[in-house]
Amino acid sequence: MRQVRLGSSGLRVSRICLGMMSYGDRTNRSWVLEQDQAEPIVRRAVESGVTFFDTADAYSGGRSEEVTGRLLAALFDRREDYVLATKVYFPTGPGPNDGGLGRKHVMASIDASLRRLGTDYVDLYQIHRWDDATPIEETMEALHDIVRAGKARYIGASSMFAWQFAKAQHCAPTRFVSMQNHYNLVYREEEREMIPLCADQGVGVLPYSPLARGLLAREAGTARLDGDPLLKQFYDESDADVVRVVREVAAERGVAPAQVALAWLLGKDAVTAPIVGATKIEHVDDAVAATELELTEAEVERLEAPYRPHRVIGHS
C-alpha cells in the first residue's frame, strides 16, 4: 500500500482510507457492526497497509469513535503509526449549542472526541458540513486554536459548495488541507467546481461513498442497499447504464466491480484516498486490490460515457 501526501501538506496517508462509520452501535442501522465483529475487518486493513482511518462524533452517537480508538490502539504499536480523522457539526446532544460550528460547540466537541478516541490528538479534524448560522471566521478561528493547542495536526472540510470552501480558505489563519466530498462514477457533480478548486490549491480530495453506497459494488439485496434511506435521494434510474458498464469492464478484467469503480477514482489526479466502508473482509481486499489496478484510457472513456448530470445534493 503506497503512502502519499495529503494534497500539498506534509501529512502522508495510505491510498485507501477505511471509513469507520460502519462500526459502532447497530440500534438504528442494521448493517453497522459491533466492535468484536469489526475487529477482523480492521485488522485485515491494517495488515494490508492501510494507515488512514476516518470517523465522526455523530456516527452511532459517538460509539464509532469509541470503537475506532480501541481497535487502533490494539492494532498499532504506536500512535504515530496511523492517521486518525474525525468530524464535527451534527448534533451530539439536545442543547442549543450541541451542534453546528459555533466556537462553543467546536471546542467542546474536540475534547469529547479525544476522550472517546482515547488519544491526545487527531491528525485531521474536519467540519462535517457548512453552518449557515455561524460566521465562517468564527469557525476558522476556533479550528486554528485547536491546532495551536496540539489537539489536531491538520484541519479539513466536507460537502459544501466551492464558493463556501474558497471563502473559508480566504479568511483562515489555518487552512484546510483536505476536502471530503461525495464523488463516484454515478455522482460527478463535484467535477464542475470543487475538484478543480482543490487541484489548483493543493487540497487533497477524500471522496466519500466511492462505491455509491454499494450500488457500484454488488447486486441489490444487501442490508446496506435495501435499508439505506439515502440511496434513492442520491441516485436514480439513469445510473443503471453506468453500473452496467462497470460490471462489463470488471468481467473483462476478471475483477470485482468495486475494484473498477475505486480504480477509476484513484486514477484522478486530485484524489488522495477514497474513504471505503467495509462490513466484510472481502470489501477490504477489493479496495486494496484497486490500488494496483490501472485502467486504460479507453476503459475510462467507457466508464464515463453513460453519466447523466444529477441535481447537487449532500451539502446539508
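Modeller: What covers the buried residues of α10 includes α9 (240-253), β10 (275-277), α11 (281-290) and α12 (297-304). Please keep in mind throughout that this is a predicted model.

Biologist: What makes you say that helix α10 is largely enclosed by the rest of the structure?

Modeller: Buried means under 20% relative accessible area. In helix α10 (residues 257-266), 10 of the 10 residues are buried, so the helix counts as largely enclosed by the rest of the structure; among them are Gln259, Trp264 and Leu266.

Biologist: Why is Thr272 called buried, and what is it in contact with?

Modeller: The cut-off for buried is under 20% relative accessible area, and Thr272 has 5%, so it is called buried. This residue is found in the loop between α10 and β10, and, leaving aside its neighbours within four places in sequence, Thr272 is in contact with residues including Val4, Leu6, Arg15, Gly204 and Leu206.

Biologist: How do you know that the length of helix α1 agrees with what its residues should span?

Modeller: The expected span is 1.5 Å times one less than the number of residues. For the 13 residues of α1 (residues 35-47) that gives 18 Å, and the end C-alpha atoms are 18 Å apart, so the two values agree. Within α1, Ala38, Ile41, Val42, Ala45 and Val46 are buried, and what covers the buried residues of this helix includes β3 (17-19), β4 (52-54), α2 (63-75) and α11. Just after α1, Gly49 takes a positive phi of about 105 degrees.

Biologist: Which strands are the edge strands of the open sheet?

Modeller: The open sheet has 8 strands in the order β9-β8-β7-β6-β5-β4-β3-β10, with parallel pairing. Its edge strands are β9 (204-205) and β10, each of which pairs on one side only.

Biologist: What makes β5 and β6 a pair, and how many bridges join them?

Modeller: Two strands pair if there are at least two bridges between them. Strands β5 (residues 83-88) and β6 run parallel and are joined by 4 bridges, so they meet that requirement; Thr86 has Tyr125 of β6 as its bridge partner.

Biologist: Why is the ring pair of Phe53 and Phe76 called edge-to-face?

Modeller: Rings pair if their centres lie within 6.5 Å, and planes over 60 degrees apart count as edge-to-face. By this rule the count comes to 7 aromatic pairs. The rings of Phe53 and Phe76 have centres 5.9 Å apart and planes at 75 degrees, so this pair is edge-to-face. Phe53 lies in strand β4 and Phe76 in the loop between α2 and β5, so the pair ties together parts that are 23 residues apart in sequence. Both Phe53 and Phe76 are buried, and ring pairs link these two residues and Tyr82 into a cluster.

Methods: Residues are numbered from 1 along each chain as its sequence is written. This is a predicted model: local features need pLDDT of at least 70, side-chain atom pairs count only at pLDDT 80 or more; totals for chains, interfaces and linings use all residues. Side-chain values use heavy atoms; hydrogens and water are left out. Buried means under 20% relative accessible area, exposed over 50%, partly exposed in between (1.4 Å probe, protein chains only). Helices (H or I, at least four residues) and strands (E, at least two) are DSSP runs, numbered from the N terminus. Contact means heavy atoms within 4.5 Å. Rings of Phe, Tyr and Trp (its six-membered ring) pair if their centres lie within 6.5 Å; planes under 30 degrees apart count as stacked, over 60 as edge-to-face and the rest as tilted.
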